[in-house]
Amino acid sequence: LALKDYPAVIADCTDALKIDAEYIKALLRRGQAHEALQEYREAIYDYTIICLLKKFQDAEMMQTAERTLQAFGRKLAFDHLKERKKSLPGTYHMAMYFEGFRPFESESLSADQLTALIKDDPTNGELYRRRALANLHAGQYDAVPEDADQAVNLLQGKLDLDAECDKPAVQGQLMRALELQGTFFYLLSDTVKAIAAFDQILALQPDNTNIVLRRAVAFLEQGRPDVAYEALNIAVRSAPNDVFSRYHKAQSH
C-alpha cells in the first residue's frame, strides 16, 4: 500500500481473504486501496464488513465508512451533472431574457423553406444562421444551438479559406451568427463559451452595445459583478439614451 500499487494490494488482499474471509487487516488494506482508486462502492463494502465483524464498536472504522460513503455520494452527484445533457430554461425565462435586449432581426422564410435551400447548398453558413433565426422566432428554441454552431463554423471557414469571398459581408454574417451562438451558450449555462463568442464580436465591432450588455450579463451569472459593472458603465457612456443599457445597469445593483 505504501508503494501506491493499489491494484496489486487489492489482488493480494483478495487472495488472503479467500483463505480467511474475516481477516480484518486484509479487508482494511483492500478497502483503502479501493478508496485511493475512487472505487468507493467496493471500499464501502470492505469497511462495512469490518464494522459488522467488530459489531459496530469501532468508532474510527465507522467514521471511515461514513466518510467514504459521503465521498461516494459526491462522486455520483458530480458524474450525474457531468453526463446530464444541458437543457434550455423554460419558455417564460427565455422570453424574459430576450426582452432585456434588442430583438434579433426578423426572418422572412420558414425553417422548412430554409431546410430545402440547405439541401441544395449544405456548406452555406448564412443559411444555417437564418434557419436558426427562423426557429428562434417560431419558438423552436431547441433547434437553434446546433444551427448557430454550424453557421459559425462554416462562416469562419469561408473567411479563412476563401480569399475571394466578400470579407465585410461574411464578417457581418459571422458576427450575427456568433450573437446567436453566444446567446444560446448563455441560456445553456455555459457562460465561458458565451463570453468567448461575444468577445469575438467585440474584437470586430467594439462599439456593439447589445453585445457589451450580453457579455456583462454573462459576467454577472459567473458571480463577477465588478467586471460586469465596468462593462455596463461603458455601455451607458457609449449609448446614454439606450434603454437596455439603463435597464441592465439598474438590474446589476
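1. Basis of the values. The model is a predicted one, in which local features need pLDDT of at least 70 and side-chain atom pairs count only at pLDDT 80 or more, while totals for chains, interfaces and linings use all residues. Residues are numbered from 1 along each chain as its sequence is written, and side-chain values use heavy atoms, with hydrogens and water left out.

2. Overall fold. The chain has 13 helices and zero strands, where helices (H or I, at least four residues) and strands (E, at least two) are DSSP runs numbered from the N terminus. Of the 253 residues, 42% are buried, a term that stands for under 20% relative accessible area, with exposed meaning over 50% and partly exposed in between (1.4 Å probe, protein chains only). Taking contacts (heavy atoms within 4.5 Å) between residues at least 6 apart in sequence, 53% join residues at least 24 apart.

3. Surface. The accessible surface of the chain is about 15100 Å², and 52% of this belongs to carbon and sulfur atoms; the areas come from the Shrake-Rupley method with a 1.4 Å probe, and for residues only the protein chains shown count as cover.

4. Helix 7, geometry and ends. The 13 residues of helix 7 (residues 125-137) should span 18 Å at 1.5 Å a residue, and the end C-alpha atoms are 19 Å apart, which agrees; the expected span is 1.5 Å times one less than the number of residues. At the N-terminal end, Asn124 caps helix 7 through a side-chain oxygen that lies 3.1 Å from the backbone nitrogen of Glu126. After helix 7 comes Gly139, with a positive phi near 80 degrees.

5. Eleven of the 13 residues of helix 7 are buried, so that the helix is mostly covered; among them are Leu127, Tyr128, Arg129, Arg131 and Leu133. The cover over these buried residues includes helix 5 (91-99), helix 6 (111-120), helix 8 (144-161) and helix 9 (167-187).

6. Glu35. This residue belongs to helix 2 (residues 24-36) and counts as buried because its relative accessibility is 18%. Not counting residues up to four places away in sequence, Glu35 touches Tyr40, Ala43, Tyr47, Arg67 and Thr68.

7. Leu52. Located in helix 3 (residues 40-53), Leu52 has 48% relative accessibility and therefore counts as partly exposed.

Notes
Polar contact = N/O pair within 3.5 Å; in protein donor to acceptor, adjacent residues only side chain to side chain.
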